[in-house]
Amino acid sequence: MKIHIKNGRIVDPKNRTDRAADIFIAAGKVVSIGEAPQGFHANQEIDAQGLVVCPGLVDLAARLREPGYEYRATLESEMEAAIAGGITSLSCPPDTDPPLDEPGLVEMLKFRARSLNQAHVFPVGALTQGLKGENLTEMAELRDAGCMAFSHADRPLDNALVMMRAMQYAATFDLSVWLRAQDASLSRIGVAHEGEVATRLGLPGIPTCAETIALSKILHLARETGARIHICRISSAEGVDMLRQAKKDGLPVTCDVSMNHLHLSEIDIGFFNSHCHLIPPLRSGRDRDALRRGLKDGVIDAVCSDHCPVDDDAKLLPFAEAEAGATGLELLLPLVLKWAEESKIPLADALSRITSLPAAIIGIDSGGIAPGDSADLCLFDPNDYWMVEAKSLKSQGKNTPFLGLELRGRVKYTLVGGHVVFKANS
Amino acid sequence: MQRQINKNGELQHLLTIEGLPPSMLHHILDTAESFVSVTEREVKKVPLLRGKAIFNLFFEPSTRTRTTFEIAAKRLSADVINLNISASSQSKGETLLDTVNNLSAMHADMFIVRHAMSGAAHLIADHVAPEIHVINAGDGRHAHPTQALLDMYTIRHFKRHFHELKVAIVGDIMHSRVARSQIHALTTLGVPEVRVIAPKTLLPKGVEHLGVHPYHDLAKGLKDVDVLLMLRLQNERMQGALLPSAQEYFKYYGLTPEKLALAKPDAIVMHPGPMNRGIEIDSAVADGPQSVILPQVTFGIAVRMAVMSILAGS
């Protein structure tokens, strides 16, 4: 299959280019930019007039709900949502049922994902057996089966000794450890940021120190063990400051933030909007502003969709009983563009947060457009507005705080391995 | 949030005091005043809600609140159906909204809802047919608006005006829906100084943003107050490292005649009930001359009649 993408604006954050040029693709790879290689006869031409051509997006946190939670979403529905959102690589946390703690499960998931021929799926393995926080998993075996990193998803890992051993063992094989910083005892009954809104609504709170205490523990153990650490979905201004310092100290630590937390705060809960029941909780406006700044100045490396499809029934409950999470795959690009526009960030810089930088965190060679690179591409119209509605989302989860909002930036084509896997209607 | 006030500016539901204008609160209190005389007549009934079906939907056990709503509805000539849900459908796995939809199909006109989760009444109000009214009779830690209204009625009855009062709310503010509704009602009605008095473990973070002054010392907090609103201390607060013991709590935060003497000589003492004598309040105070706890209960019926008639009366 030979494809000629013409008249597009190529924005390649990895190679720091932003220019108008054609792209020529053959045998799944980019073969030339600008001039057609000699004798190139395209089977397919894509007119990218008015479109941005960027590397396929890379998402660090997408729950595909398989195995175990197929009633909420299936691999088919969520992979379709991913490519509709321009995402060509995604990593999924291990909190499936059963958790991804055995090579067989990982191989099966990889096989299922591959057979769909859509986005690349990079499973994150469980750090401990059954995510129980007691015994280590066979990390080396899991790596051989395809796990790119190891995490504890949102399950508590309060035992510092187990955490230290897990980091030491991971470091032995140079595997990276992804952790979300939340102290279990300080957050067990909480459902919202402990602050003004939770106090007014009578919702049990999760204090900021639930994040900073856990983060402090993780950073100390990272120093102790030398493990490569990635902090998932930071939520507080204090947390951002701690990471800034850790990076300044030269600690091998990276960090991401959920797209929801870039735009929303506790105020958006209003009167018990269960779409705003998220993990970690939406914190204050001050925290949100610090997250936006942290992303701009590079303390926060990447933005993830934190995709959690939840069925309607699980959201039609009183706030505290409603299941946490929001659908996200199809909103990642427009919400990052919105942040970039509001923060006056050049497009290439903004796109690096959802392409080359998360690719480096997973450890995959992706997120660039150069001859020889796999042709994983996203073509989007940066000026096309669309309304977030249940019917406009391909994900089985229609739950998002952004329902009813008009967003700018719409994916028109997604290519994986040189094949057009998604083409927008109209 | 304005979902409790309809397009014509009328009360559609009563979910929380927050956001209601002072004129609406006074309207409810004035209406209640007109019903107090009804409750003192020999034939204690008016036909305002004749033929209306009112469902008492209590997902949490309650004796006093449920009974006063039932009496109030009957005095307005409504048909009252009491449902003790915790014992039936919830245990069979039916969701909150399924229960409500089933009852709506039986042509309910009004739901009076108590639920252990904050926001439950809002959720129901969002999903019922437009002709059905919802009264929040207590949702989790969030709100208990009719209790706050009857407290305001009692204060107005004994103190006449709100705008020169010092009011202290004493006890477990953190877990109390009553306290939250009282705070909104008092600040809306123009009480210049509202204090909350509790150990730090029982005060929610940022409570001062609700417009109150926090105190941790009962003696200091009670100085010169006109109205004392005592809160019930749940027994389970002795677990979870919130308080060391009931004895210590009573010693430092229990209302005794000596502590009460620090308030204004004509201060009144209120309590939403049921009381824990010897834990948050001394019997000598509860049964003493400054206690208006029993009038509160009587006024509670008139206030609930007022709310129901304003919502569903034609």
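With 314 residues, chain B would have a radius of gyration near 20 Å if it were a compact globule, and its value of 19 Å agrees with that. The radius is taken over C-alpha atoms, and the globule rule is 2.2 Å times the number of residues to the power 0.38. This is a predicted model, in which local features need pLDDT of at least 70 and side-chain atom pairs count only at pLDDT 80 or more, while totals for chains, interfaces and linings use all residues. Residues are numbered from 1 along each chain as its sequence is written, and chains are lettered from A and ligands numbered from 1 in the order in which they are written.

Here is chain B in brief.

| Feature of chain B | Value |
|---|---|
| Span of the C-alpha trace along its principal axes | about 55 × 45 × 35 Å |
| Helices and strands | 11 helices and nine strands |
| Buried share of the 314 residues | 48% |

Helices (H or I, at least four residues) and strands (E, at least two) are DSSP runs, numbered from the N terminus. A residue is buried if 20 or more other C-beta atoms, placed from the backbone, lie within 10 Å of its own.

Now for one helix. In H3 (residues 96-104) of chain B, the buried residues are B:Leu96, B:Val100 and B:Leu103. Seen down the helix axis, they fall within an arc of 65 degrees (from the directions of axis to C-beta atoms), so they line one face of H3(B). Their cover includes strand E1 (53-58), strand E3 (110-115) and helix H4 (120-127) of chain B.

Finally, 19 residues of chain A are in contact with 22 residues of chain B, contact meaning C-beta atoms, placed from the backbone, within 7 Å. Helix H6 (residues 196-201) of chain A gives the largest share of the chain A side, four residues.

Notes:
A residue is buried if 20 or more other C-beta atoms lie within 10 Å of its own, exposed if 12 or fewer, and partly exposed in between; C-beta atoms are placed from the backbone. Two residues are in contact if their C-beta atoms, placed from the backbone, lie within 7 Å.
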